[in-house]
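Please examine the sequence and the three-dimensional structure shown here before reading the explanation.

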Amino acid sequence: MSDHELRVSKIRDGTVIDHVTAGQALNVLAVLGIDGDEGFGVSIGMNVPSDTLGRKDIVKVEGRELSQSEVDIISLLAPEATVNIVREFDVIEKNRVERPERVVGLLRCPNHNCITNADEPVVSTFRVVDDGVRCEYCGEIIRSEIGDHLAVN
Amino acid sequence: MRHDHLLSAGQLTREDIEAVLDRAAEMAADPAGVAERHADRLLALCFFEPSTRTKMSFDAAMKRLGGDTVDMGTVESSSVKKGESLADTVRVIEGYADGIVLRHPSEGAAKLAAEFVDVPVVNAGDGAGQHPSQTLLDLYTMRENAGLDDLTVGIMGDLKYGRTVHSLAEALATFDARMHFVSPESLRLPRSVQFDLHEAGARLREHTELDEVLPELDVLYVTRIQRERFPDENEYQKVAGQYQIDADTLAAARDDLTVMHPLPRVDEIAPDVDGTEHAQYFPQAHNGVPVRMALLDELLSGDGGDR
């Protein structure tokens, strides 16, 4: 039994997000809108050893599957992540995340003067660029600090 | 040009730009020929920030095409003061007019407006973002004075917040101009603009001193260093004097250097430059009318000008 399996128990039904970039687990939970009040069983491993990443985080959520938009934003926080669907303790589906072309409604533009931060009926939209995302309204670029700008925080 | 709106300079190809400039030149040469062209059209002027040149030149352009304008007036005298959203404001105004010219203090405002209306929207300045119609008249002025091929342009002043600079730099990249950006470190081009320029393969260099590049320039485009942007007055004082030019400064320039400025100027170009062959900032402002006539003709006709 590996070290991280000892720390993070198996789940019966739900989602395991594995190979999360070390340090991003709490941001993944923020993307999922999970703060503990929802009643889901949640297990988190942080900075656990990984053969491929050196260190990784892992998030297991009981009774919860992910929407495509949630997977999209996780792909930016953790490009190596895998999303595993678990039923009756078995992984029935395992998918690598893929970078989307756009991220809609999940990030807040850091430019305070951007029209998306005014009281207007508009949803923030970011185009994914080589090393980050770019606001489709004001052009502001977010690079490594994407987790700081989650609209769900 | 086949666009529903003019929101940023980045949406314009070289062919788009040249078509507008050619049409502007035709209209400037024969204003009587288009005096009734849009006689049945109304243009809404929605300026959420103060403006003199941009607003008046759009007003004049529309009237010289035979059309008319309706003016939102100042923010203080409009429903905006009551808390109405921009989206609601433009949805109401599209029922009054055939096109909307919008200036707004927030970046991205014109894009948002364009999403809510079916009439053409022209971005007449959105915060520190873009000012593409200014860019068209800037290019028109450059073409008249220096041509647009093999051009070396110096752009000096507030490059961080200067929306005219952001639009102009993107457009100059389509003409493969060599660009020299001269500013204090604190007012360098924002990374979003640098990103676009690098994506476009633009040839650019950054400087803190004008004299490093002045002798090479075909065009020097000066903008005002905005004192109010500096958190510390001492920091402003350190740089302000370095970015003023006068006739003596220009002694090091080529005889055919064209000096431009989007105006208003404060003290960055001394009055003794006005009488020199270099000074083109007043003709540049005047060019706003024929260029905006051509632009409005394209957008309001909705058929590339074949109305």
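The structure is a predicted model. The size of an interface is often expressed as the accessible area that is lost when the parts come together. Here, chain A and chain B bury about 1500 Å² between them, and 51% of this area lies on carbon and sulfur atoms. On the side of chain A, A:Asn113, A:Ile115 and A:Tyr137 lose the most area to chain B; together they account for 34% of what that side buries. The contact draws 18 residues from chain A and 19 residues from chain B.

Polar and charged groups also take part in the interface. Two salt bridges are found across the interface of chain A and chain B. In a salt bridge, the side chains of B:Arg191 and A:Glu145 meet, with a distance of 3.5 Å from N to O. Ten residue pairs are in polar contact across the interface. Sorted by class, the side of chain A that touches chain B has nine nonpolar, three polar and six charged residues.

Attention may now turn to a helix within chain B. Helix H5 of chain B covers residues 132-145, 14 residues in number. From its first C-alpha to its last it reaches 20 Å, close to the 20 Å expected at 1.5 Å a residue. Eleven of the 14 residues of H5(B) are buried, so this helix is largely enclosed by the rest of the structure. Among the buried residues are B:Pro132, B:Leu136, B:Leu139 and B:Met142. H5(B) is followed by B:Gly147, which has a positive phi near 75°.

Technical notes. Residues are numbered from 1 along each chain as its sequence is written. Chains are lettered from A and ligands numbered from 1 in the order in which they are written. This is a predicted model: local features need pLDDT of at least 70, side-chain atom pairs count only at pLDDT 80 or more; totals for chains, interfaces and linings use all residues. Side-chain values use heavy atoms; hydrogens and water are left out. Contact means heavy atoms within 4.5 Å. Buried area is the accessible area (1.4 Å probe) that two parts lose on being put together, summed over both. A salt bridge is a side-chain nitrogen of Lys or Arg within 4 Å of a carboxyl oxygen of Asp or Glu. A polar contact is a pair of N or O atoms within 3.5 Å; within protein, one must be able to donate a hydrogen and the other to accept it, and residues adjacent in sequence count only if both atoms are side-chain atoms. Ala, Val, Leu, Ile, Met, Phe, Trp, Tyr, Cys and Pro count as nonpolar, Asp, Glu, Lys and Arg as charged, and the others, Gly among them, as polar. Helices (H or I, at least four residues) and strands (E, at least two) are DSSP runs, numbered from the N terminus. The expected span of a helix is 1.5 Å times one less than its number of residues. Buried means under 20% relative accessible area, exposed over 50%, partly exposed in between (1.4 Å probe, protein chains only).
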